Amino acid sequence: MKLNRQIHHAEAIARLVGIQDRNLLVFKQYLGINVSILGSEIVTDAKKEYLELLEAIFAVLIELAEHQVQLTERDVMYIIKLAEKNELEDVFELYRNRKKILVNDQGKSIYPKTFNQKSYVEAITNYDLVFGVGPAGTGKTYLAVAQAVADLKNNKVKKLILTRPVVEAGENLGFLPGDLKDKVDPYLVPLYDALYEMLGVQTTLSLLEKGVIEIAPLAYMRGRTLENAFVILDEAQNTTKVQMKMFLTRLGFASKMVITGDPSQSDLPKGTPSGLNQALSLLQGLEDIQIITFDKIDVVRHPLVQRILERYETSENQST
């Protein structure tokens, strides 16, 4: 069956289908339907109930491709999800006016890719204290690190401080072998990975050695005033009330704080209330603080991962 939409320019077709037609494969993986392009025609084996959805999706994809937007599998996934929720109205502006945060070590431009990511980056730019809360995989930590590195490169701050509670090991790290770095590094790998991608391994290690970048467990923030720094607290759902209050009161002049976490995924001992949940409740509506809440639609992963998560959620709901 052919869709009403057509795409005529070879360059636009290449931008739409992606490398080895991977963008079209998303339709098979996520919706269970085949889509292909024959000449300028878009052909599908989809049943009638999918046709209106596909027409809406390809109206956006074709317009983006014809305006020289190089589409990826992630983009196609997000646009399909928006179409399912009937929220495609402003998606063209999202892609056409996206603001680059920085170019990473591999020469890849990093920019927000969803509406909530765009709001998040704008909040980080304009406010000194920002909470980014929601499911894993929404880019909360990744984008915060990207903006932190950009601010460091542009001399807006003199230091980056990345921290998280090491609740998995118990905040008392004394029993673990090795020096401080050996003890906590396994729990801080996601932060290292993000920095390696932004700056490259050698530059990151050099800045760590010079103290320009600091990665440390939350317990080591006590008693400090963090001035002229970009500070990121990751996995904040695992903070206690006391730890969160301690961290928030470390904010110094000419500094910026970003706190990320998923309030629904605490690893704290049973019965221990989360400092993140309390902070979100207490600080909601306070001037000069922004809280950006991410949703499942911002989790743009491989379609198979999406289906796996849906199965687990269904099973968990049935057992409760």
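1. Let's start with a loop: asparagine 86 sits in the loop between α4 and α5. (Helices here are DSSP runs of H or I with at least four residues, strands are runs of E with at least two, and both are numbered from the N terminus.) Phi of asparagine 86 is near 55°, a positive value in a residue other than glycine. For background, most residues other than glycine have a negative phi. With 72% relative accessibility, asparagine 86 counts as exposed. (Exposed means over 50% relative accessible area, buried means under 20%, and partly exposed is in between, using a 1.4 Å probe and protein chains only.)

2. Before going on, a word on what you're looking at. This is a predicted model, in which local features need pLDDT of at least 70 and side-chain atom pairs count only at pLDDT 80 or more, while totals for chains, interfaces and linings use all residues. Residues are numbered from 1 along each chain as its sequence is written, and side-chain values use heavy atoms, with hydrogens and water left out.

3. Aspartate 21 is another one to check for its backbone angle. Its phi is positive, about 60°, although aspartate 21 is not a glycine. You'll find aspartate 21 in the loop between α1 and α2, and at 43% relative accessibility it counts as partly exposed. Just after α1, glycine 18 also takes a positive phi, of about 80°.

4. Now look at α1 itself. Which residues of α1 are buried? They are Ala12, Ile13, Arg15, Leu16 and Val17. These buried residues pack against α2, β2 and α3. (Contact means heavy atoms within 4.5 Å.)

5. Asparagine 23, in helix α2, has a relative accessibility of 3%, so it counts as buried. Setting aside neighbours within four places in sequence, asparagine 23 is in contact with Arg15, Leu16, Val17, Gly18, Leu71, Thr72, Glu73 and Val76.

6. Next, the nonpolar interior. (A nonpolar core is a set of buried Ala, Val, Leu, Ile, Met, Phe, Trp, Tyr and Cys residues joined through side-chain atoms within 4.5 Å.) The largest nonpolar core has 42 residues, and those with the most contacts inside it are Leu16, Phe27, Phe58, Leu61 and Ile79. At least two residues of this core come from each of α1 (10-17), α2 (22-31), β2 (35-38), α3 (48-66), α4 (73-84) and α5 (91-96). Which element gives the most to this core? That's α3, with 10 residues.

7. Leaving aside its neighbours within four places in sequence, leucine 16 is in contact with Ile7, Asn23, Leu24, Ile37, Phe58, Leu61, Ile62, Ala65 and Leu71.

8. How do α3 and α4 pack? Their axes are 9 Å apart, at an angle of about 135°. (Axes are lines fitted to C-alpha atoms, for helices over the stretch in contact, and angles run from 0 to 180 degrees between N-to-C directions.) That makes α3 oblique to α4. (Angles under 35 degrees count as roughly parallel, over 145 as roughly antiparallel, 65 to 115 as roughly perpendicular, and the rest as oblique.) From α3, the contact uses Leu53, Ile57, Val60, Leu61 and Leu64, and from α4 it uses Val76, Ile79, Ile80, Ala83 and Glu84. Of the residues in the contact of α3 with α4, 9 are nonpolar, none is polar and 1 is charged. (Ala, Val, Leu, Ile, Met, Phe, Trp, Tyr, Cys and Pro count as nonpolar, Asp, Glu, Lys and Arg as charged, and the others, Gly among them, as polar.)

9. Isoleucine 80 lies in helix α4. Buried or exposed? At 0% relative accessibility, isoleucine 80 counts as buried. Not counting residues up to four places away in sequence, isoleucine 80 touches Val26, Phe27, Tyr30, Leu31 and Ile57.

10. The contact involves Gln117, Tyr120, Val121, Ile124 and Thr125 of α6, along with Lys140, Leu143, Ala144 and Gln147 of α7. Here the residues divide into 5 nonpolar, 3 polar and 1 charged.
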